[in-house]
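Work through the exercises below with the sequence and the structure in view. Each task is followed by a solution in steps.

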Amino acid sequence: MKKWQLPLLSVSALALAACGDNGTNNGEDTSATAEEDKELELVYVTWDSEIASNNVMKLVLEEAGYDVTITTVEQGVMWASVAEGEADAHIAGWLPDDMQHDYEQFGDQVVDLGPNLEGAQTGLAVPTYMDIDSIEELDGSVVSHITGIDAGAGVNSTTETVLEEYEIDDVQLQSSFDAAMTQELSTHIENEEPIVVTGWQPHWKFNTHDLKFLEDPKGIYQEEGEIRTIVREGLEEDDPVAFQILDNFYWTTEDMNEVMLKISEEEIDEVEAAEQWIDDNRETVDEWLDVEE
């Protein structure tokens with residue numbers, strides 16, 4: 001990632017540049033454009049929720065004149081790259097519980113801008129036609145395995161803890177990834193077969209399918225969580241405008257689900273889906289872009 005910071009020029013240097021004097025520049029053109037200096041990189045995990053938010057934020061930052069790269073990585077790398085200054089930000093901090101391990105490891109090396117979405121939830125989800133309502137009822141007679149997502153995801157780690165705490169020995173967690181999990185879910189629902197998946201909300205599958213979270217009497221999963229914006233140290237000093245836009249970013253579960261549904265159900269390209277949401281929510285986006293230069 002290119003580190004960028006506007007050079008500090010003295011008044012006399014500016015005057016020389018304006019006069020076209022190359023004597024002090026050895027004939028080199030040092031007038032770097034604002035566009036060259038305004039590069040940003042966001043990193044994210046390939047969950048449908050984060051595909052939606054990052055494509056929206058990419059377009060919003062581009063409106064402000066930034067050349068934005070969004071890069072998919074594993075969860076741990078997402079946190080480490082911002083902590084090490086290799087990426088500028090991620091907007092996918094599922095906290096305080098789901099990514100607690102990453103926050104404990106990297107929290108003192110990043111800047112936490114707080115929630116960009118509130119009311120997030122994780123847990124085990126099942127179709128409503130299944131005759132099971134609580135994790136306490138889950139055993140091998142219900143399903144042989146739980147369909148999870150990528151192995152490094154917080155919800156998978158929490159599910160391993162859940163299986164231990166509830167002493168569920170005859171059900172295994174099967175790692176997968178978001179798209180494969182939702183495809184398996186859809187196939188089982190079409191045939192009205194039992195299935196248990198790692199679930200989180202916001203996610204379009206709760207709008208498309210009749211699902212319910214299993215009750216969690218031990219309170220291990222996150223019920224009222226947040227998705228937070230995390231930026232690298234020094235970003236505020238390097239570019240206060242980018243920092244303010246990222247700090248202003250805030251939307252709702254309904255907003256995120258709207259973008260996800262356009263992609264998954266209407267099969268609209270993710271960039272086009274983000275563009276449509278921005279067009280339909282111009283007032284909200286303008287609030288994000290309302291910053292002091």
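A residue is called buried when its relative accessible area is under 20%, exposed when over 50%, and partly exposed in between (1.4 Å probe, protein chains only). The model is predicted, so local features need pLDDT of at least 70 and side-chain atom pairs count only at pLDDT 80 or more, while totals for chains, interfaces and linings use all residues. Residues are numbered from 1 along each chain as its sequence is written, and side-chain values use heavy atoms, with hydrogens and water left out.

**Exercise 1.** Describe the salt bridge between Arg 228 and Asp 112 and classify both residues by accessibility.

Solution. 
- A salt bridge requires a side-chain nitrogen of Lys or Arg within 4 Å of a carboxyl oxygen of Asp or Glu.
- For Arg 228 and Asp 112 the N to O distance is 2.8 Å.
- This pair links distant parts of the chain, 116 residues apart: Arg 228 is in strand E9 (residues 225–232) and Asp 112 in strand E4 (residues 110–127). Helices (H or I, at least four residues) and strands (E, at least two) are DSSP runs, numbered from the N terminus.
- Asp 112 is partly exposed because its relative accessibility is 27%.
- Arg 228 is buried because its value is 16%.

**Exercise 2.** Where in the chain do Lys 58 and Glu 62 lie?

Solution. 
- Both residues belong to helix H3 (residues 48–63).
- They are four residues apart, about one turn of the helix.

**Exercise 3.** Locate Glu 167 and state its accessibility class.

Solution. 
- Glu 167 lies in the loop between helix H6 (154–165) and strand E6 (172–174).
- Its relative accessibility is 64%, so Glu 167 is exposed.

**Exercise 4.** How many helices and strands does the protein chain have, and what share of its residues is buried?

Solution. 
- The protein chain has 13 helices and nine strands.
- Of its 293 residues, 48% are buried.
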